[in-house]
Amino acid sequence: MNFEYYAPTKVVFGKGSEEKTGELVKDQGGHKVLLHYGSGSVVRSGLLDKICQSLEKAGLSYVMLGGVVPNPRLSKVREGIQLCRKENVDFLLAVGGGSVIDSTKAIGYGLANEGDVWDFYERKRQAEGCMPLGAVLTIAAAGSEMSDSSVITNEDGWIKRGYSSNYCRCRFVVMDPELTYTLPDYQTQSGCVDIMMHTMERYFNLSDNMELTDGISETLIRSVMKNAKILKQNPTDYNARAEVMWASSLSHNGLTGCGTGGGDWASHQIAHELGGMFDVAHGAGLAAIWESWARYVYREAPERFAGFASRIFDLEEKDTETLALAGIEKMEDFYRSVGMPTSLKELGVEPTEAQIHEMAEKCCFFGCRTVGVIKRLDAADIEEIYRMARE
């Protein structure tokens, strides 16, 4: 299939690379910087001080706004927009993981466009620009550092929505694998699932795929699985951290979608509603949903699921359906091996029928869309997947 590939973000990768942050901002023409971050971990680790020193060394002034949480909130975005306008900020710097970067992108949209920033996430209008931004990555997971997407949760109704455009792509990203050493194991493994799923969403499609793109995707998935197990035992293994961090970017910068027609993305849409309603870790939510989605849709593309089982897990079964199901079971086994949930109950969530109905309706924009490519899923389909995952 025809495709366009655009990945303009400059990557500065390796030990101590965060010390270059000030010069990178300066190279982009920044003068007054918003330092946007999450919890106190970047403060306690000393990273925020390092970034401040780097900005000061480059002769740049800055203001700070912390408090971003997982499933980043619209209220924090609006607070950031107001602060940046008051302080005449001209460059945004995210210090953190995907939630911080997504929040920064949303602030950038709000600064560069008139009206309410939530309009973009509700698809009421399209952005015409974004304030320039960069990132210092501390969590390998979301891939937002090189993607064109941003996902925000509106506390009014707890609606989680994504918006994508090339305007929000980071001008640069600083990636020091050592900055991820202190992540709790659950967060590390949740991140690994998110990375894999960004690739798997693109991999599962109904297109005539390019062998090269499939090969990149398969190698990326296997590499993350291998290194997730290493990090389970040794969280300060630099090589494993580096492999996972680079995979985070490659999984969501469009590379694994070249020639695939875009992929399925139903699992992400279904998991987004879990995050919106129950505030669960995104990767863990994906792990809890994926197997139920796969079992619900695999008969629509059994050869694709069978090929996945063969090339990811080296399985050999003569019967296509048996091989497809064996691959789903193997992925389930992997998630368990790294402490990830394979059901909503294991995730710590047991939604009622009313909550399942509400999530399915929100996922379908209240009847305005279906999700997925392997099988077009309406609200009734999505309700059934939630029920399967609840068991």
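In this predicted model, the axes of α12 and α13 come within 7 Å and cross at roughly 55°. The two helices are therefore oblique to each other.

**α12 against α13**

- The crossing of α12 and α13 is left-handed.
- From α12, the contact draws on P302, E303, F305, A306, F308, A309, S310 and F313.
- From α13, it draws on T320, L323, A324, G327, I328, K330 and M331.
- By class, the α12–α13 contact holds 10 nonpolar, three polar and two charged residues.

**α8 against α12**

- Helix α8 spans residues 211-233. Its axis and that of α12 come within 10 Å and cross at roughly 55°.
- That angle makes α8 oblique to α12.
- The crossing of α8 past α12 is right-handed.
- On the α8 side, the contact residues are D214, E218, I221, R222 and M225.
- On the α12 side, they are R304, F308, R311, I312 and F313.
- The α8–α12 contact divides into five nonpolar and five charged residues, with no polar ones.
- F308 and F313 of α12 take part in the contact with α8, and F308 and F313 also belong to the contact with α13.

**α15 against α16**

- Helix α15 covers residues 353-363 and helix α16 covers residues 379-390. They pack at an angle of about 135°, with axes 9 Å apart.
- α15 and α16 are therefore oblique to each other.
- α15 passes α16 in a right-handed crossing.
- The α15 side of the contact consists of E353, I356, H357, M359, A360, E361 and C363.
- The α16 side consists of A379, I382, E383, Y386, R387 and R390.
- Seven nonpolar, one polar and five charged residues make up the contact of α15 with α16.

**Nonpolar cores**

- The largest nonpolar core has 103 residues. Those touching the most other members are M200, W290, W293, F305, F308, M331 and Y335.
- Helix α11, residues 282-297, gives the most to this core, with nine residues.
- M200 touches I221, W290, F308, M331 and Y335, leaving out residues up to four places away in sequence.
- Another core lies apart from the largest one. It has 21 residues, among them L24, V33, L93 and V174.
- F305, F308 and M331 are among the residues with the most core neighbours, and F305, F308 and M331 also sit in the α12–α13 contact.
- I221 is one of the residues touched by M200, and I221 of α8 also takes part in the contact with α12.

- Most residues other than glycine have a negative phi.
- D314 has a positive phi of about 55° and is not a glycine.
- D314 sits in the loop between α12 (302-313) and α13 (320-337).
- D314 is exposed, because its relative accessible area is 52%, over the 50% cut-off.
- F366 is also a residue other than glycine with a positive phi, near 55°.
- The loop between α15 and α16 holds F366.
- F366 is exposed, because its relative accessible area is 54%.

- M210 lies in the loop between α7 (185-203) and α8.
- M210 is partly exposed, with a relative accessible area of 34%.
- Setting aside neighbours within four places in sequence, M210 is in contact with F3, C258 and G259.
- A142 lies in the loop between β5 (133-137) and β6 (149-154).
- A142 and C192 are 50 residues apart along the chain, and their C-alpha atoms are separated by 9.2 Å.
- Beyond its neighbours within four places in sequence, A142 is in contact with G98, D194, H198, S248 and H252.

Definitions and conventions:
Residues are numbered from 1 along each chain as its sequence is written. This is a predicted model: local features need pLDDT of at least 70, side-chain atom pairs count only at pLDDT 80 or more; totals for chains, interfaces and linings use all residues. Side-chain values use heavy atoms; hydrogens and water are left out. Axes are lines fitted to C-alpha atoms, for helices over the stretch in contact, and angles run from 0 to 180 degrees between N-to-C directions. Helices (H or I, at least four residues) and strands (E, at least two) are DSSP runs, numbered from the N terminus. Angles under 35 degrees count as roughly parallel, over 145 as roughly antiparallel, 65 to 115 as roughly perpendicular and the rest as oblique. A crossing is left-handed if the near helix is turned anticlockwise from the far one by less than a right angle, and right-handed if clockwise. Contact means heavy atoms within 4.5 Å. Ala, Val, Leu, Ile, Met, Phe, Trp, Tyr, Cys and Pro count as nonpolar, Asp, Glu, Lys and Arg as charged, and the others, Gly among them, as polar. A nonpolar core is a set of buried Ala, Val, Leu, Ile, Met, Phe, Trp, Tyr and Cys residues joined through side-chain atoms within 4.5 Å. Buried means under 20% relative accessible area, exposed over 50%, partly exposed in between (1.4 Å probe, protein chains only).
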